[in-house]
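These are my notebook entries on one structure. I looked up how the chains meet, then a few local features.

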Protein chains: 2
Amino acid sequence: MSGVEEGAPIQLAEMGSFHVGGRTVQITGKPIREVQFWPGDMPIKVDPNGTHQVEQMYVQYFIPAKPRGACPLLLWHGGGLTGVTWETTPDGREGWVNWFLRQGWAVYNSDAVERGRSGWAMFPDIFAGEPVFLPNANPYERHRIGAGPGSYDDDPAKRRVWAGNLFPTEAYEAFSRQFAPRFLSTDAAVVAAYTALLDKLDPAVVIAHSQGGQFAIRAAQARPHKVRALVLVETAGAPPPETAAVLRDVPILAVYGDFIDKDPRWPRIRTIGEAFLAAHTAAGGVTTILDLPARGIPGNSHMLMMDRNNGEVAVLVNDWLASIGLYS
Amino acid sequence: MSGVEEGAPIQLAEMGSFHVGGRTVQITGKPIREVQFWPGDMPIKVDPNGTHQVEQMYVQYFIPAKPRGACPLLLWHGGGLTGVTWETTPDGREGWVNWFLRQGWAVYNSDAVERGRSGWAMFPDIFAGEPVFLPNANPYERHRIGAGPGSYDDDPAKRRVWAGNLFPTEAYEAFSRQFAPRFLSTDAAVVAAYTALLDKLDPAVVIAHSQGGQFAIRAAQARPHKVRALVLVETAGAPPPETAAVLRDVPILAVYGDFIDKDPRWPRIRTIGEAFLAAHTAAGGVTTILDLPARGIPGNSHMLMMDRNNGEVAVLVNDWLASIGLYS
């Protein structure tokens, strides 16, 4: 763990939370609803019409007593999940919030708009369409935790994994408790709130995972001078390569785990990410691709911040941040 | 702040999070949905049928390096809200998570089932009925932040408060960003998850607010030997008084703020709580009622953990915990 001992005291100068971004909407024409809020309460009339706050984003922060990072470090989770991604791993080890905090980074961990403590808005009035609720099988088979389609079974003894997989599969049920309903219509609102966060913390380093990767690229494109570096952990999607040049002054580290070639979807997802990265390089950007198996580190799932070697991967990310002058 | 200086470093032995409780359900008979998870992604077929995890509860914990509390201290928020209630106040001061942590309590801050990072389940399949979405006006007028019904206006300059109100009304919009959709059908699931938390942390002190108060009483009634004390901060509702005796060995502190007699609903809510407290006393229980205005502390709203004197109220709670031997 690069000299930082799990279990040693964490010294904080400050910790807290806030909501950022969002907008006020007017709801009109809804019927007044008679509501009994709790057993024994007087039923009261609740008028849902009027102004509502929507599309704000929750951010929790931890400021170390002895900072070593050059600026705040922002953790942006992936689709159908929340900031819990970066906290304690499903099997109870320290996650990347603790790891980077112990290294001396000021860590800002957020829940994307629509999820977790950011709240969600009525649909279809504010959010178009219904959210997706994933059964336990889906992320197991789609996130290279198990061995692809058909590898999940409700009986843990019958689940299949690829040899050497480092996800703590014995704790899969603790991971599936983290799933959040996923709306498919909120991307613009998500990016707007992330952009508002960059405006607030200017400048910042962003570590983004999966769906969060494309949000990070889009927010950075909106505020290229407010992002000191992007770390894209298996980004799922990227804007068109011809838009990459605006990020030429933003160094990018792209991290990929194992088993990508065994999966039906991941080769294409990686190709989309790497097309953007190639355009970033061609535009004069500093682009580093950290292919973990090629680096002699096999076994990582898509959820590599939870994998058994999550500290080892974090060291490589931190070393890269140090190599571009953002950590000392 | 009772010798604890806001702004001094916080020393943690440990911090992290977990989900507790919940159950597995089988979803069947739903159509397979074609989903494009992000722009450019291959549309994939998502089968929502199968096992889902539902009704789990998110808990975040902070363990101080120098513990002084006799056991974990659990913070349970009120209706339509999440654990954010106890974090930074809307106007940016430290909340009760920080306050009790600085005093040496191991603090466990949770999001009730259905809210925040606990996630929510499909309705009407799992949760019966639609959630309530509150407009900005509602909590302002109902939580004794403003001066009762009709006191809210979208124009902050036109809002009315009772003289001396200590809620940081200039930051009301930061509070309304914390609202969470509220289901009316999930009480049993909420109590089940809180009970699972008591089983895990046994024994514990619970500080519960508003709707959380009746959940705390019900969970404590299910596990009376696992609760060392209950602090009911303006409990909204309580079980029938004839069920109070099971808590005879659990000391209860009930805290009430100001302006209750000016409000159309609060006198009755208070009467319900005090009927339970009287039965608790009659059964031989240690019951303390902390009526803040009677104690010479006027001005508290229903959200007194956010009010300008939130530290002053916390001192009184902590002093009571010390008086019954739970803090040294």
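**Entry 1**

I note here that the model is predicted.

I then looked up how the copies are related. A rotation of 180° superposes chain B on chain A, with 0.0 Å of shift along its axis and an RMSD of 0.0 Å. I wrote this down as the relation of a two-fold axis.

**Entry 2: extent of the contact**

How many residues does the contact take from each chain? I read off 81 residues from chain A and 81 residues from chain B. I found about 6,900 Å² of area buried between the two chains, and carbon and sulfur atoms give 54% of it.

**Entry 3: pairs across the interface**

I looked for salt bridges between chain B and chain A, and the rule finds six. One of these joins Asp111(B) to Arg117(A), where the closest N and O atoms are 2.8 Å apart. I noted the general point that side chains of opposite charge can pair when their charged atoms come close.

I also looked up polar contacts across this interface, and the rule finds 41 residue pairs, with both residues at pLDDT 80 or more.

Strand β1 of chain A (residues 10-20) pairs with β1(B) in the antiparallel sense, over three bridges. Within this pairing I located Leu12(A), which stands opposite Ile10(B) in β1(B).

**Entry 4: a salt bridge inside chain A**

Over all chains, I recorded a count of 32 salt bridges by this rule. I picked out Arg308(A) and Glu170(A), whose side chains meet in a salt bridge at 2.8 Å, N to O. I see that this pair links distant parts of the chain, as the two residues are 138 residues apart. Arg308(A) sits in the loop between β12 (287-291) and α7 (310-323), and Glu170(A) sits in the loop between α2 (137-142) and α3 (172-176).

**Entry 5: backbone exceptions**

Before this step I wrote down that most peptide bonds are trans and that most residues other than glycine have a negative phi. Where does chain A depart from this?

I found that the peptide bond from Phe123(A) to Pro124(A) is cis, with omega near 5°. Pro124(A) is in the loop between β8 (107-111) and α2 of chain A.

I found that the peptide bond from Asp202(A) to Pro203(A) is also cis, with omega near -5°. Pro203(A) lies in the loop between α4 (187-201) and β9 (204-209).

Ser210(A) is not a glycine, yet its phi is positive, about 55°. I placed Ser210(A) in the loop between β9 and α5 (211-222) of chain A.

Notes:
Residues numbered from 1 in each chain as written. Chains lettered and ligands numbered in written order. Predicted model: local features only at pLDDT ≥ 70, side-chain atom pairs only at ≥ 80, totals over all residues. Heavy atoms only, no water. Contact = heavy atoms within 4.5 Å. Buried area = accessible area lost by both parts, 1.4 Å probe. Salt bridge = Lys/Arg side-chain N within 4 Å of Asp/Glu carboxyl O. Polar contact = N/O pair within 3.5 Å; in protein donor to acceptor, adjacent residues only side chain to side chain. Pairing = 2+ DSSP bridges. Helix = DSSP H or I, 4+ residues; strand = E, 2+ residues; numbered from the N terminus. Least-squares fit on C-alpha atoms with pLDDT ≥ 70 in both.
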